[in-house]
Amino acid sequence: MDGTAIIEQLMTPEGREDPYPLYREARAMGPVVPCGESLLLVTGYREVHRTLRLTGFGVPEAEQREQWDEGWSRHRSRVLLSRSMLERNAPDHGRARSLIASVFTARRVAGLEPAVTAAVHRLLDGMAEAGADGSPVDFMDAFAFRLPVGVICELLGVPEADRHRFRPYAADLTAALELITTDAELAAADEAADELSGYFAELAARRRAHPEDDLVSALVQVAADDRDRLSGQELLANLVLLLVAGFETTTNLLGNGLARLFDHPEVRTGLRAGTITAAGFTEEVLRHDSPVQLTSRTALTDGLEIGSIPTPYGTGAFLLLGAANRDPDRYPEPDRFDPTRVDSQPLSFGGGPHYCLGAQLARLESQTAVPALLDRFPGIAPAGRPVRHDRLVLRGYRTLPVTLRPA
Ligand code: HEM
């Protein structure tokens, strides 16, 4: 198989279900594999780590995406996300990111801890009620989807009564982040983009008139006050990004984590006994089955290379985070799930200028949820076959049925 065949295989339903054998095949060809003239597939930890940080590489912006995929800009979902910091390079990226980071601070996230703990217990109560008669409960629906959406809405200041509307829209919009999508998925993503930007436009107007102690009020304020202001369109795109980026990814971290606990009863015992920490467990779930499997970069100048392969201007690179996290040169026995690894530093949150702004929040949610879940339901066990989302970039479960029977 060559690089192009690996990509084609990754895009099949089987490849999406389990990409790891394909990653191993790619790595056997070297840490960087050419796919035709102008695309590289990067699986080496060192090479992915370095490329994310090199200023000569940037995210593909709207103009380039349109060249790669004609008709791309007809989709409102893709255009909306392309205005967010995730899909901008310098100088727009730095301007938006520093404004948003100035209000989405470590202190604000740390202050959310009591709200996260309360939300975890409320959701566990709901699961207990639903599973009280021994019937199966879908962990994804009852817990993993609800916790991140509740927390991010709390942070943004989305009123409780509006939150239920967000879940389907946020889920639909993430299709616009995938490499391949059906027309129906893109139509749903476009509708979600309209709904979410319409909602945030109204909320921002309300908070502009009557500020509250929330992120939307703070952002509306800095976006207008600061010398390096954000345009109205950028403000909306970044508000939608905060909702979407923080939602499905964290949902997948929680679901992938519970699935690992089912595969590894000794880990569950270690967590209960305190010999394995929730932090170590969370890092290993991130490494072993990353919720984000892939990101793209493009060479913005000539004269660069990745792993000694020259990358003239415009060369694209798929950085396979999920493969780099299992690079045998970086991690001994990379396929083994081992939450006691030291200095693991998986690449699941990316790196460099676009390093995930929500990493601290995602870790807080997982580290709060896992011990509380095991305390409450020590005998939690699978109740039927889990079903994965048929996706490549965002990796996680659609359903994960569990029974809460006592140990
Ligand atoms: C960026 C992963 C949770 C907000 C990123 C990137 C990755 C990532 C890989 C970089 C993409 C790139 O370089 O192309 C994850 C994972 C999460 C998670 C695995 C959960 C387990 C969150 C949360 C939030 C968030 C909870 C916010 C509440 C963002 C934002 C960016 C980002 C705003 C864009 C940063 C920029 O472009 O400068 N995330 N994320 N993420 N993430 Fe996360």
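## Around the ligand

The ligand sits among 24 surrounding residues, and the closest are Gly 246, Thr 249, Gly 350, Cys 356 and Gly 358. A residue counts as near a molecule or strand when its C-beta atom, placed from the backbone, lies within 6 Å of it. Two or more shell residues come from each of the elements α15 (232-245), α16 (248-263) and α20 (359-376). Helices (H or I, at least four residues) and strands (E, at least two) are DSSP runs, numbered from the N terminus.

Sorted by class, this shell holds 15 nonpolar, 8 polar and 1 charged residues. Here Ala, Val, Leu, Ile, Met, Phe, Trp, Tyr, Cys and Pro are nonpolar, Asp, Glu, Lys and Arg are charged, and the others, Gly among them, are polar.

## What you are looking at

A quick word on the model: it is predicted, local features need pLDDT of at least 70, side-chain atom pairs count only at pLDDT 80 or more, and totals for chains, interfaces and linings use all residues. Residue numbers start from 1 along each chain as its sequence is written.

## Helices α16 and α18

Helix α16, one of the contributors to the ligand shell, also packs against helix α18 (residues 278-288) at an angle of about 100°, with the axes 10 Å apart. Axes are lines fitted to C-alpha atoms, for helices over the stretch in contact, and angles run from 0 to 180 degrees between N-to-C directions. That makes α16 roughly perpendicular to α18; the scheme calls angles under 35 degrees roughly parallel, over 145 roughly antiparallel, 65 to 115 roughly perpendicular and the rest oblique.

Which residues of α16 and α18 meet? From α16 come Leu 253, Asn 256, Gly 257 and Arg 260, and from α18 come Phe 281, Val 285, Leu 286 and His 288. Contact requires C-beta atoms, placed from the backbone, within 7 Å. The residues of this contact divide into 4 nonpolar, 3 polar and 1 charged.

## Strands and their partners

Strands β1 (residues 32-34) and β2 (residues 39-42) run antiparallel and are joined by 3 bridges; pairing needs at least two bridges found by DSSP. Val 32 faces Val 42 in β2. The hairpin of β1 and β2 has 4 residues between the strands, and Gly 36 takes a positive phi near 70° there. Strand β2 also runs parallel to β8 (residues 316-320), with 4 bridges between them, and Leu 39 has Gly 316 in β8 as its bridge partner.

Elsewhere, 3 strands make an open sheet in the order β4-β12-β9, with antiparallel pairing. Its edge strands, β4 (137-138) and β9 (381-382), each pair on one side only. Between β9 and β12 (residues 401-403) there are 2 bridges in the antiparallel sense, and Pro 382 stands opposite Val 402 in β12.

## Backbone points to check

Most residues other than glycine have a negative phi, and most peptide bonds are trans. Against that background, Ala 90 and Pro 91 are joined by a cis peptide bond, with omega about 0°. Pro 91 lies in the loop between α6 (76-82) and α7 (92-103).

The loop between α19 (321-324) and α20 holds Glu 333, and Asp 343 is found in the loop between α19 and α20 too. Neither is a glycine, yet Glu 333 has a positive phi of about 45° and Asp 343 one of about 50°. Are they buried or exposed? Glu 333 is exposed, with 10 other C-beta atoms within 10 Å, and Asp 343 counts as exposed with 5 C-beta neighbours inside 10 Å. The cut-offs are 20 or more other C-beta atoms within 10 Å for buried, 12 or fewer for exposed, and partly exposed in between, with C-beta atoms placed from the backbone.

Key:
Two residues are in contact if their C-beta atoms, placed from the backbone, lie within 7 Å.
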